[in-house]
Amino acid sequence: MKVVCEGINLSEAVLKVVKACAVRTTVPILECVKLTAHNDELTLSATDGEISIQKTIKAEVYEEGETCVPGRYFSDFIKKLEGVQITLSVEAGRMEIAYADSQSYLQVLSAEDFPKISTDISENSFKMAAADLKKVINATSFCCATDDSRPNLKGCQFVISGGKVCVTALDGFRLATITAPVTSATADMDIICPARTLNEIEKMIPAEGETEIFVQRGMILVSVDDTVLTSRLYGGEFIKKENIIPKNFSTVVTVDKAALKSSIERAAILVRSDKNSLIIFDISAGRIEISSNSEIGNVQEPVKAEVEGHDVRIAMNSKFITEAVGALEEDRITLSLNSQVQPFICCNAENKDVLYLILPVRTANNA
């Protein structure tokens, strides 16, 4: 294999695909980026067995072929060569990287051992405005679980029906759900897509226009320009959010988002090293008193609010409430609560299409 390409194009391509390389694995080939030179193109591919990314760039191909290079090393090295033309050639188990008046070498692995990446995924599909797709991913993916005890909770559920998609994520302590329109769909669908996959999709799709997502046999595919992403979907039953979200509340609070967010963030500073990062909302007529207490010190701040219903004192993880409030878009938000031990919800004051549910933390005063 021998190809010549521009450093900036190669660097952009490898930085995209290297995100699919395995990080900790006993299979070295999964840490590699596969390079395939054919016609006037160089295709870079990477996979960790769950997610795969392919990117094709223009190149002068003097000798067709394919090889696998260590992904992270190749990425870091090529990133330093964005301003020059690069010649890649492979011989005797190593790759020569020639640039300017210099040559460097990397050991390579056989492309025969690289997993086959199938892009024949087209049975069903749905289209969304790219802005709406970005919005639903950003609103939910941070609420997915990160441990492997319940794998399907590491993904977001997409339920597509009636011209809308409802996206839900939860990790056992909080839940996020949002509804958005779909432009078209070939069928009703109920899939669970890994959060990591969704975050990569969010980065690759444009800010405007439409994005089509293909689904087939437990796989998903998104193609944007010369980049193709495929990923496995999670199987199993997803928790029904209707059984978790309360339908009625005894206390409803409407408050200025900026004021609440600033107060929460200050209170969180003193407890960020604690296990639960505990802050307390003491809600009474006309105000929310936000407090935190640790060995470092304590914070106690009142925030003006419109309160309907009973007084309530509730403790919560500061990270969960900070992320939920930060993800809401309106200037005024609503907190709906029942008691100090029941989950509460946080949403925009007007547009209820997005909702966050948070479990409170039991303390000595509410156990």
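This is a predicted model: local features need pLDDT of at least 70, side-chain atom pairs count only at pLDDT 80 or more; totals for chains, interfaces and linings use all residues.
Me: Let's begin with the sheets. In what order do the nine strands of the open sheet come?

Reply: Reading across that sheet, the order is S6-S2-S3-S4-S18-S17-S16-S10-S14, with antiparallel pairing.

Me: Which strands stand at the edges, each with a single partner strand?

Reply: Those are strand S6 (65-70) and strand S14 (184-185); each has a single partner strand, so one side of each is left without a neighbour in the sheet.

Me: Can we look at one pair inside it?

Reply: Of course. Strand S17 (residues 219-224) and strand S18 (residues 227-232) pair in the antiparallel sense, over six bridges. To place yourself, find Ser223: its bridge partner in S18 is Val228.

Me: What lies across strand S2, strand S3, strand S4 and S18?

Reply: Helix H1 (residues 7-17) does, and it runs at about 170° to S4. Helix H2 (residues 71-79) packs on this sheet too, where it touches S2 and S6, and its direction makes about 90° with that of S6.

Me: How do I describe two packed helices?

Reply: Use the angle between their axes and the distance between the axes. For H1 and H2, the angle is about 145° and the axes are 9 Å apart. Their crossing is left-handed. From H1, the contact is made by Gly7, Leu10, Ser11, Val14 and Leu15, and from H2 by Phe74, Ser75, Ile78 and Lys79. These residues divide into five nonpolar, three polar and one charged.

Me: What is the order of the open sheet of five strands?

Reply: Its order is S5-S1-S7-S8-S9, again with antiparallel pairing. Strand S5 (60-63) and strand S9 (102-107) are the edge strands, each pairing on one side only. Ignoring direction, neighbouring strands here are turned by 20° against each other on average.

Me: How many bridges join strand S7 to strand S8?

Reply: Six bridges join S7 (residues 85-91) to S8 (residues 94-99), and the two run antiparallel. Within this pair, Ile86 has Tyr99 of S8 as its bridge partner. H2 packs on this sheet as well, touching S7, S8 and S9, with its direction at about 10° to that of S8. H1 lies across strand S1 (2-6) and S7, running at about 95° to S1.

Me: Let's finish with a single residue. In which strand does Arg313 lie?

Reply: Arg313 lies in strand S23 (residues 312-317). With a relative accessible area of 37%, Arg313 is partly exposed. Its side chain makes a polar contact with the side chain of Asp282, at 3.3 Å.

How values were computed
Residues are numbered from 1 along each chain as its sequence is written. Side-chain values use heavy atoms; hydrogens and water are left out. Two strands pair if DSSP finds at least two bridges between them. Helices (H or I, at least four residues) and strands (E, at least two) are DSSP runs, numbered from the N terminus. Contact means heavy atoms within 4.5 Å. Axes are lines fitted to C-alpha atoms, for helices over the stretch in contact, and angles run from 0 to 180 degrees between N-to-C directions. A crossing is left-handed if the near helix is turned anticlockwise from the far one by less than a right angle, and right-handed if clockwise. Ala, Val, Leu, Ile, Met, Phe, Trp, Tyr, Cys and Pro count as nonpolar, Asp, Glu, Lys and Arg as charged, and the others, Gly among them, as polar. Buried means under 20% relative accessible area, exposed over 50%, partly exposed in between (1.4 Å probe, protein chains only). A polar contact is a pair of N or O atoms within 3.5 Å; within protein, one must be able to donate a hydrogen and the other to accept it, and residues adjacent in sequence count only if both atoms are side-chain atoms.
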